[in-house]
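Take a look at the model below.

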Amino acid sequence: MLQSINNRSSFTKAIHDNIDAICLVLAVVLLYPLATNYFLVFHSSVEIFSMVIAAGIFIIARNTKDYQDNDFFILIGVGYLFIGIIDGLHTLGYEGMGVFQMQGHNLANQLWIAARYLQAITLLISPFF
Amino acid sequence: MNRKGNLPKIFISYFIITGLLISSIFFWEVFPTCYVEGQGLTPFKVASEYIISLILVIALHLLYTKRSFFQIRIFYLILASIILTIFAEISFTAHVSIYDFSKMLGLYFKLISFLLLYKAFISIGLKEPYSLLFKKLKESEEEYRTIVEGQTEFITKFLPDGTHTFVNDAMCKFFGITKEDILGKKIFEMDIGATIPNEDMGMIDKHFAKFSPANQINTIAHRFVFPDGNEKWVEWTDRAIFDKKGNILEFQSIGRDITDRKMMREEITLLHNAIEQTPIIVKIIDKDGKIEYVNPQYVEVTGYDPSEALGKKPRLFETGFLPKGRFEELWDSICSGKSWKGEFQNRKKDGTMYWELASISPVRNSIGEITHFIKVSEDITYKKLAEKEIQEKEEALRGILSAAPIGINLFQNRTMIWCNHHMTKITGYSEQELIGRNTKFLYASEEEYKRLGELYKEKVDGHINSETQWITKDRRVIDVSILLNPLNPYDLSKGYITIVSDITNAKRSQRQLDENLEYFAHLVDHIRNPLTILSGFVQVETGNEKLKERLLRQIDRIEELIKQLDQGWMDTEDTRKFMKRYM
């Protein structure tokens with residue numbers, strides 16, 4: 001009896017300790033059928049997810065600015081907010097979404113590159129803030 | 001990383017840049033083409049992916065140089081996120097078709113890179129806000145550093161394998177080494193000058209074996225032997241830090257030099273042993289009068305076991321049959337901080353009495369309050385008995401001396417300190433009148449007083465006999481013979497015993513005898529002349545030869561008798577002279 005309780009508790013403890021990795025593996029596995037069959041849904045999901053995170057980073061940075069002795073997090077937060085905005089447009093402008101009048105892959109790629117430049121420059125200058 | 005408070009500026013900058021980028025794509029259509037239908041990705045797009053990757057590598061490097069500003073876990077998460085972003089970019093350069101595998105991989109990378117950022121910023125930022133709050137962290141770190149470095153106690157951290165990760169100044173100072181001598185070195189491999197004796201090693205091994213998640217803090221004291229032979233005791237309080245799985249991550253250790261404490265303890269043990277061994281009764285009483293300690297001698301003398309005595313409140317310090325007045329004196333004395341000494345009788349457990357010579361003294365603490373009383377006493381029953389015996393003997397002796405029909409005195413510095421009864425008969429003074437007075441008043445003349453005083457100056461042993469004249473209370477002059485005998489011939493200040501006898505009558509008889517003898521001699525002397533004349537007359541005037549012859553024969557017989565008398569006188573004279581010279 002005691003042994004089993006012990007086992008169970010050590011099992012839940014193991015799950016708890018590695019929850020991030022487990023979520024990641026689950027996400028990859030669950031998203032895989034989407035990625036192969038419904039690419040647009042997969043793409044949108046990933047992008048929306050990153051946008052949510054970007055917005056979250058901004059909110060955290062914005063609300064903890066008074067406690068920080070430099071602007072590193074502010075820069076990352078603001079930077080990722082706008083990266084998220086461009087990524088949002090990229091998602092909407094993706095071929096097959098049909099939101100914008102412009103057709104083809106060019107728009108999405110342009111927005112993608114613009115967002116990535118913004119991201120790279122943001123990370124590049126971040127150590128100086 | 002020192003700018004601050006630029007949120008509005010940063011926000012507006014990004015707003016403008018993003019606006020320009022979106023406008024250049026949507027409205028002005030000046031943004032370079034990235035994809036041409038039928039041809040695929042343009043060189044601009046591919047080159048851009050590489051340029052972005054390159055920028056990210058540089059960013060990675062710059063961040064790495066500033067890693068000390070970050071909490072290490074956040075730093076690694078940001079680093080990983082950037083690396084995955086680079087992977088994503090590289091994946092996107094490879095794909096030719098929109099739906100192929102590398103694009104999917106790129107998206108996965110992006111997803112994970114954002115997840116890591118989520119982990120870094122949101123999860124850690126919210127769950128462990130202090131990790132994000134550089135300033136607070138730095139402030140408190142500084143505060144702790146000051147505390148840790150300012151400590152006189154040794155503070156050190158080391159990994160389970162003994163590698164030191166932290167050490168404070170106090171510890172370096174103690175061993176006379178620098179931090180570099182310790183940091184990164186393992187406990188038993190570092191050269192700190194001092195060595196741990198082999199006897200203590202087993203103890204240390206046991207100490208480290210004791211740690212478990214249920215027993216995180218343990219203390220150990222062991223020695224360090226310094227190269228100059230000095231031995232120092234250090235007490236360590238070690239705390240083991242465990243991870244969630246119960247593995248030891250590190251040890252945090254606080255040490256202090258307890259050499260003085262150890263030495264003091266040893267000294268206390270020594271003194272304690274001395275008290276336990278002493279043939280004197282030692283008792284410690286607290287300020288409320290409760291017995292806190294008794295030594296074995298107490299047990300031996302009184303018969304009470306420590307268990308019977310400890311915690312009890314002895315009545316009045318166990319001063320037994322001490323008169324009330326004396327007890328008040330004792331109380332006043334010890335309350336004013338002085339010790340008290342006294343003798344009294346006390347009762348043992350079995351009811352028998354014993355004599356105690358005790359000293360009771362108060363013990364004060366560092367702020368001067370009386371906290372304890374120490375009673376040190378000696379069983380002086382035997383001494384008391386011996387004293388009594390001596391006293392009895394002395395009294396018997398005194399009785400004999402008092403009754404002796406001869407004057408016996410004890411003199412010190414020419415003052416009578418004791419005399420027997422017969423002295424009062426000789427002098428007519430009472431004992432009270434004699435004792436304590438300089439004896440000058442007894443002497444007939446001052447010269448005699450001085451002569452007697454000089455008598456014993458040179459002689460070292462034996463006794464001296466002398467005669468002098470004293471005046472009695474009723475002003476009679478008496479002749480006395482004095483036998484002088486020092487109590488200690490080598491220390492005359494101790495005094496003399498003198499034996500005095502009244503020789504007035506003897507003297508008087510002697511004098512009378514002398515006078516008679518002289519008178520007799522005078523008479524004898526005077527008989528000769530008439531006898532010579534008589535002889536002449538007889539020879540000249542007497543014709544009767546027969547009568548003449550008879551008369552002369554008679555005169556010769558008288559002469560013969562006078563001669564015999566003269567001879568006898570001469571003998572007496574010799575005796576008299578002898579007596580005069582020597583008495």
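Two strands count as paired if DSSP finds at least two bridges between them. Keep that rule in mind for what follows. The model is a predicted one.

Start with strand β8 of chain B, residues 281–286. Which strand meets β8(B) over three bridges? That is β9(B), residues 291–294, and the two run antiparallel. Within this pair, Ile284(B) stands opposite Tyr293(B) of β9(B). The two strands form a hairpin with four residues between them. In that hairpin Gly289(B) has a positive phi, near 95 degrees.

β8(B) also pairs with strand β12(B), residues 370–379. The sense is again antiparallel, and six bridges join the two. Here Val282(B) has Val376(B) of β12(B) as its bridge partner.

Now look at the faces. In a regular strand, side chains alternate between the two faces of the sheet. In β8(B), the covered face holds Ile281(B), Lys283(B) and Ile285(B). Val282(B), Ile284(B) and Asp286(B) make up the uncovered face. Both bridged residues named above, Val282(B) and Ile284(B), sit on that uncovered face.

Next, the contact between the chains. Chain B brings 54 residues to it and chain A brings 50. On the chain B side, α1, α2, α3, α4 and α6 each supply at least two residues. Which of these elements gives the most? It is α4(B), with 14 residues. By residue type, the chain B side splits into 35 nonpolar, seven polar and twelve charged.

Notes. Residues are numbered from 1 along each chain as its sequence is written. Chains are lettered from A and ligands numbered from 1 in the order in which they are written. This is a predicted model: local features need pLDDT of at least 70, side-chain atom pairs count only at pLDDT 80 or more; totals for chains, interfaces and linings use all residues. A residue is buried if 20 or more other C-beta atoms lie within 10 Å of its own, exposed if 12 or fewer, and partly exposed in between; C-beta atoms are placed from the backbone. Two residues are in contact if their C-beta atoms, placed from the backbone, lie within 7 Å. Ala, Val, Leu, Ile, Met, Phe, Trp, Tyr, Cys and Pro count as nonpolar, Asp, Glu, Lys and Arg as charged, and the others, Gly among them, as polar.
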